[in-house]
Amino acid sequence: MLEKLKQDITLKLANADCFKGSELPEVEFAPAPAHTGADISLVWAMAAAKKLHKNPLEIAKEACKVLRELTGIADAQAVPPGFINLKLEDNFIITCASDRRIKDRNAETSKHNILIEFVSANPTGPLHVASGRGASLGDSLVKIHRALGYSCDSEYYVNDAGNQAELLAVSVKARKEGKEPPENGYHGSYLIDLAKRIPADLPEDQYGRWAMEELIKTQQQDMKDFHVDFTRWFRESDLHKEHAPQKALEALTAKGYTYEKDGAVWFGSTKDSEAQDDKDRVLVRHDGRPTYFLADISYHKNKYDRGYDTLIDILGADHHGYVPRMKAAVHALGHEENTFVPIIHQLVHLIENGEQVKMSKRAGRFITLRELMDEVGTDVCRFFFASRTPNAHMMFDMDLAKKRTNENPVFYVQYVHARIHSIFKAAAEMGITDYNGITTPLAPQERALLLKLIWLKHVLRNCIADLSPHHLTTYLVELAGLFHAFYDTCRVLDENNLEQTKSRLFICQRVAERIKKGLEFIGVSAPEQM
């Protein structure tokens, strides 16, 4: 409905005598600031000023005269320096809020086949807190893309090839013998427990592979319990079985992007003025072993070969240098660089009793994702992680996370869903189970709540545009706040006013559905009682 109104406005302005014959900009909606008393704000007049060669405020005034004629618009006002503020008719808001549909049905969504790769932690230890942030981000983006109609898959790249398997074998063998692992090995205490479980009849040369498979199982269970379900766990070892690195090397060579120097084979990206990397990189070492970079190139080539046209990689904070070299490789493989979309999420700092929890991954002392889930709960982890943009460092307040009060945003939102279901239960006890619409005039708090409901799709589109679910958590907290104001002011169950009761139960139903759906997108449960 909101999209239809946007189309009607675009057509109305294009056909208006005062603007006819001009190349006009697209109309974009945004919620109007609260102090304006309006519902929708347009910056269209300011965008059109250069093309129309007029003052934006004058354009806005002319546009308002035209827009007041449209069904659904109660009023339109021009505001300096050229904003157009629209007031919607109550019936239009009710109709929009009654529409449960979210999925877009347009060419923009249908032309994309997206693969989002995230976490991809080395299978040499348990997942840590930063992996949880990447998992939360990736899983939410997959769910939101799918909700809007995009074809979108998720993938975990398992780095089960290379010298980490050898280092893991040496490290776990040392732990089994009661010794310290070598300095460049793995020092986490988890290896002590793992070493105790090595089968008695297992040959020493299989320690590393066995330990890695056990750790992969642990990571898979962690992801399952973190409410993350991957389309595929893709193993690097499969690339080597298919000789994918060699095939990628041949493809780059055929395009003239490789050369030999000092006995090694190099990726010559700097010869290409359009490539982003600032120096050439080794693809094959002088002893014939492929580098991790070549394996990564072959992996991304494999993604394109499988039919994906947009590759979104969610990377940890230490991967900034990885981005330009992979963009250069994507370009060399013959793909547009903008089809490779890296997202780098920043570190997570755990705060407890006002102080930062010290962690050292190298020494094997770090907080695992499992420990954090056990400490504060998966719902809290997922909501907190989703609440910050990926490019911002995150201060995870452990004390706040454990609170079961309205100070905790997770509790604040979930409580609304639970409260509404308690209202439904009370209504059923009164014999009221049928509430399919709104038949009474809207109180201000009802109108504000319904108006918020109609912006969910807009919020989801913003999540896609910014590749961050933080818009959604903000929306859910604001929606919960409006419900609390509605509940405190508007009596829902009134035996003496059945029509109003049914109307308000209908509003409650729509709010509960929106909250449940919004929480689902970020991997958080919507309890019916708390």
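Reply: A residue is called buried when its relative accessible area is under 20%, exposed when it is over 50%, and partly exposed in between (1.4 Å probe, protein chains only). The model is predicted, so to speak of a local feature requires pLDDT of at least 70 and side-chain atom pairs count only at pLDDT 80 or more, while totals for chains, interfaces and linings use all residues. Residues are numbered from 1 along each chain as its sequence is written, and side-chain values use heavy atoms, with hydrogens and water left out.

The part in view is an open sheet of four strands in the order β1-β2-β4-β3, with antiparallel pairing. At its edges stand β1 (30-31) and β3 (73-79); each has a single partner strand, so one side of each has no neighbour in the sheet. Strands (E, at least two residues) and helices (H or I, at least four) are DSSP runs numbered from the N terminus, and two strands pair if DSSP finds at least two bridges between them.

Take the pairing of β2 with β4 next. Strand β2 covers residues 40-42 and β4 covers residues 83-88; the two run antiparallel and are joined by three bridges. In this pair, S41 has N85 of β4 as its bridge partner, and I40 stands opposite L86 in β4. Helix α3 (residues 56-67) packs on the sheet and touches β2, β3 and β4. Its direction makes about 170° with that of β3. Such angles run from 0 to 180 degrees between N-to-C directions, with axes fitted to C-alpha atoms, for helices over the stretch in contact; contact means heavy atoms within 4.5 Å.

One of the residues involved is I73, whose bridge partner in β4 is L88. A hairpin of three residues links β3 to β4. The loop between these strands holds P81, and the peptide bond from P80 to P81 is cis, with omega near 0°. Most peptide bonds are trans, and most residues other than glycine have a negative phi.

N353 is not a glycine, yet has a positive phi of about 55°. N353 sits in the loop between β13 (348-352) and β14 (355-356) and is exposed, with 66% relative accessible area. L467, also not a glycine, has a positive phi of about 50°. L467 belongs to the loop between α19 (456-466) and α20 (470-489), but here the residue counts as buried, at 15% relative accessibility.

Leaving aside residues up to four places away in sequence, S136 touches F226, R382, F385 and A386.

As for the setting of the sheet, the protein chain has 21 helices and 15 strands. Buried residues make up 52% of its 530 residues. Of the contacts in the chain between residues at least 6 apart in sequence, 70% join residues at least 24 apart. Along the principal axes, the C-alpha atoms fill a box of roughly 80 × 60 × 40 Å.
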